[in-house]
Amino acid sequence: FSNNLLALFKEACSGRGGIQQSLPTQTAAPMALLLCTLLVYGLSIPIAKACGHRLRMKRDRLFNVFMSIIFTFFNAVSALSLKLFKCTSNPNDTQSLIADLSIICYTSAEWKS
């Protein structure tokens, strides 16, 4: 739950039940955070010109904030990167991908692609 905030919503109900559909959304989260950080910095420039130069954000401090947030969510980012390699045993002596049990590890076309 703490590694994936999208787990609060049922992905199968939105037609995004498989790992092929959910993984791009999850990997785009740090890029969305970067865009928000750049947007805040970009908005601080005209605000500083209008209200005084003391309100302009410093790049190094904003970079520090961004990297601190990334460091905070490091466990989630590393868990997401290893999600494609975690398999679990089945009763029929095969292994399935934990993230999507319809994918058979090591033998299916989805696993090899």
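This report walks through the fold, the cysteines, one serine and a surface patch of the predicted model shown above.

Two notes on the ground rules come first. Residues are numbered from 1 along each chain as its sequence is written. Because the model is predicted, local features need pLDDT of at least 70 and side-chain atom pairs count only at pLDDT 80 or more, while totals for chains, interfaces and linings use all residues; side-chain values use heavy atoms, with hydrogens and water left out.

**Overall fold**

The protein chain has 5 helices and 2 strands, where helices (H or I, at least four residues) and strands (E, at least two) are DSSP runs numbered from the N terminus. Read from that end, the order is α-α-α-α-β-β-α. Of its 113 residues, 18% are buried; here buried means under 20% relative accessible area, exposed over 50%, and partly exposed in between (1.4 Å probe, protein chains only). The accessible surface is about 8,700 Å², with 66% of it belonging to carbon and sulfur atoms; such areas come from the Shrake-Rupley method with a 1.4 Å probe, and for residues only the protein chains shown count as cover. Among contacts (heavy atoms within 4.5 Å) between residues at least 6 apart in sequence, 33% join residues at least 24 apart.

**The cysteines**

The whole structure holds 1 disulfide, defined as a pair of cysteine sulfur atoms within 2.5 Å. Cysteine 87 and cysteine 105 form this link, with S to S at 2.0 Å. The pair ties together distant parts of the chain, 18 residues apart: cysteine 87 lies in strand S1 (residues 87–89) and cysteine 105 in the loop between S2 and H5. Their link is left-handed, with -100° about the S-S bond. The table lists accessibility for these two and for two further cysteines.

| Residue | Relative accessible area | Class |
|---|---|---|
| Cysteine 36 | 47% | partly exposed |
| Cysteine 51 | 58% | exposed |
| Cysteine 87 | 21% | partly exposed |
| Cysteine 105 | 3% | buried |

**Serine 108**

The loop that runs between strand S2 (95–97) and helix H5 (109–112) also contains serine 108. This serine is buried, at 12% relative accessible area. Its side chain reaches the backbone oxygen of isoleucine 104 at 2.8 Å.

**A nonpolar patch**

Leu39, Leu43, Ile47 and Leu55 make a nonpolar surface patch of about 390 Å². Leucine 39 sits in helix H2 (residues 29–51) and is exposed, with 53% relative accessibility.

Technical notes:
A polar contact is a pair of N or O atoms within 3.5 Å; within protein, one must be able to donate a hydrogen and the other to accept it, and residues adjacent in sequence count only if both atoms are side-chain atoms. Patches are made of residues with over 30% relative accessible area and no salt bridge: like charges are joined within 9 Å, nonpolar side chains (Val, Leu, Ile, Met, Phe, Trp, Tyr) within 5 Å. A salt bridge is a side-chain nitrogen of Lys or Arg within 4 Å of a carboxyl oxygen of Asp or Glu.
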